[in-house]
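User: Hi! I'd like to go through this structure with you and ask what stands behind each label. Could we start once it is on the screen?

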Amino acid sequence: MGLIIGNVIDPTTNKAIPAITVTIRNLADSSNSRTTVTDKNGSFDMDKIPFGYYRVQFSGIGYSPLSIDSIHMRSERFDFNLGDIKLSQKASELSEVVVYAEKPLIENKDGKITFNVGESALSAGSSTTELLKNMPLISNDADGKILLKGKEPKILIDDKPTDLTSQQLADLLESLPGSSIEKIELMTNPPPQYAHEEGGVINIVTRKGKIGLTGRISLSYGSRGEGNFATNASYRNRKLSANIYAGIGANRLNGEGHSTRSNFYPDSSNSLNTQNNNTNKNIRPNLRLSVDYELNKQNSINLTTQFASNYFTNNTLTQYTNFNNSKTPYRISTRQNKTSGDNVNPAFTFNYNYKGKDPRESLRF
């Protein structure tokens, strides 16, 4: 069974179009069809679609009909995210037909492996952490640190360095929903500005998202005493796109140990019992706000604010007890070690982007 999702927008106003009729027909059997309508945010989805070739038709009052042909549902590719479908306001009764050009989920070009996760409808139900775990060449060490071909890479979000600790980065990626990701680029041979990164570069490219206001909340808890709460909200209208991701990760890990050492001499013996208890507490709030504004078709600006911190306390209490040869304690001592601290990583980025009429012409400041 297959799955297909998408958004319908007006290209003139860049606003969502509700109540558009969406019909999917099997090209081998035209009588096999299903129909739905877009919601207030212009979104639609259909699931449990049998494998085969399909045509998707869009129609609505005041808009020219549009057909998308040759969508191939099959076992190796059964979920499709059509993204933004643009319906033109009715100027004639002619129906526009578009042949769907399927973008591969994985592309390998110029030493860069690109995963077009935005093409998959199933990515919407995952976090960015889960998407990365399912990709080849990417693994995690015992502490959960991301590795690219066994080495620690530089992590970028929209070509901007994150500069976070491994735990702070893990919390941020857990806050990023898969539906907000357009593609993930793996660069084992990094560009010149990152040529010194021996572990390569991973660039996570976000997308504008759905029209209107959408959000997601997730909560997780681990059996060892760790937990994570994450939430995100996005808003998009004609020229403005804003995304906010916020979360907090925490853990409380308890441990204990015990040891006995005995010494035997010709005329006596003694023993030392050691018992220790330790508690490690960690709280890690994080926040990322990104705002894109399109001045016109060629000029746009972006503001990105990022904040991550780590507050930790480690406490260890050890008790030493010495016994003589009659098992009577003759010396008891304790030692307590406590460390606490915090680190804060704020960042603010402003970008100006210019795109020329020739796609090769671009300027970023």
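User: How many bridges join strand E20 to E21, and in which sense do they run?

Analyst: Strand E20 (residues 240–264) and E21 are joined by 25 bridges and run antiparallel. Before we go on, this is a predicted model, where local features need pLDDT of at least 70 and side-chain atom pairs count only at pLDDT 80 or more, while totals for chains, interfaces and linings use all residues. Residues are numbered from 1 along each chain as its sequence is written, and side-chain values use heavy atoms, with hydrogens and water left out.

User: Which strand does E21 join through 22 bridges?

Analyst: That is strand E22 (residues 299–323), which runs antiparallel to E21. Here Asn280 faces Asn314 in E22, and a hairpin again links the strands, E21 to E22, through four residues.

User: Why is Ser290 called buried?

Analyst: Buried means under 20% relative accessible area, exposed means over 50%, and partly exposed is in between, with a 1.4 Å probe and protein chains only. Ser290 has 6% relative accessibility, so it counts as buried. Its place is in strand E21 (residues 269–294).

User: What makes the link between the side chains of Ser290 and Asn302 a polar contact?

Analyst: The term asks for a pair of N or O atoms within 3.5 Å; within protein, one must be able to donate a hydrogen and the other to accept it, and residues adjacent in sequence count only if both atoms are side-chain atoms. The side chains of Ser290 and Asn302 are joined at 3.3 Å. Ser290 is also in contact (heavy atoms within 4.5 Å) with residues including Ser241, Ala242 and Leu303, leaving aside neighbours within four places in sequence.

User: Why is strand E16 described as largely enclosed?

Analyst: Strand E16 (residues 181–187) has seven residues and five of them are buried, so it is largely enclosed by the rest of the structure. E16 pairs with E11 in the antiparallel sense over four bridges, and with strand E17 (residues 201–206), also antiparallel, over six bridges. Phe115 stands opposite Ile184 in E16, while Glu185 has Asn203 in E17 as its bridge partner. In strand E11 (residues 112–115) sits Thr114, which is buried because its relative accessible area is 10%. Among the residues that Thr114 touches are Lys183, Ile184 and Glu185.

User: What makes E10 and E15 edge strands?

Analyst: They belong to an open sheet of six strands with mixed pairing, in the order E10-E11-E16-E17-E14-E15. Strand E10 (106–109) and strand E15 (160–161) each pair on one side only. E15 is joined to strand E14 (residues 154–157) by two bridges, and they run antiparallel.

User: Is Ala19 buried or exposed, and how do you know?

Analyst: Ala19 is exposed because its relative accessibility is 56%. Ala19 lies in the loop between strand E2 (15–16) and strand E3 (21–26) and has a positive phi of about 60° although it is not a glycine.

User: Why is Leu137 called partly exposed?

Analyst: Its relative accessible area is 38%, so Leu137 counts as partly exposed. Leu137 also has a positive phi, about 75°, without being a glycine.

User: Which helix gives the largest share of the lining of the second largest pocket?

Analyst: Helix H2 (residues 166–175) does, with seven residues. A pocket, on a 1 Å grid over the protein atoms alone, is an open set of points where a 1.4 Å probe fits, with protein on both sides within 12 Å along at least five of seven lines; lining residues have an atom within 4 Å of a point. This pocket has a volume of about 1,200 Å³. Of its 41 lining residues, the closest to its centre are Asp143, Gly144, Ser166, Gln167 and Ala170.

Terms used: Grid points are joined across faces, edges and corners, and a volume is the space filled by probe spheres set on the points. Two strands pair if DSSP finds at least two bridges between them.
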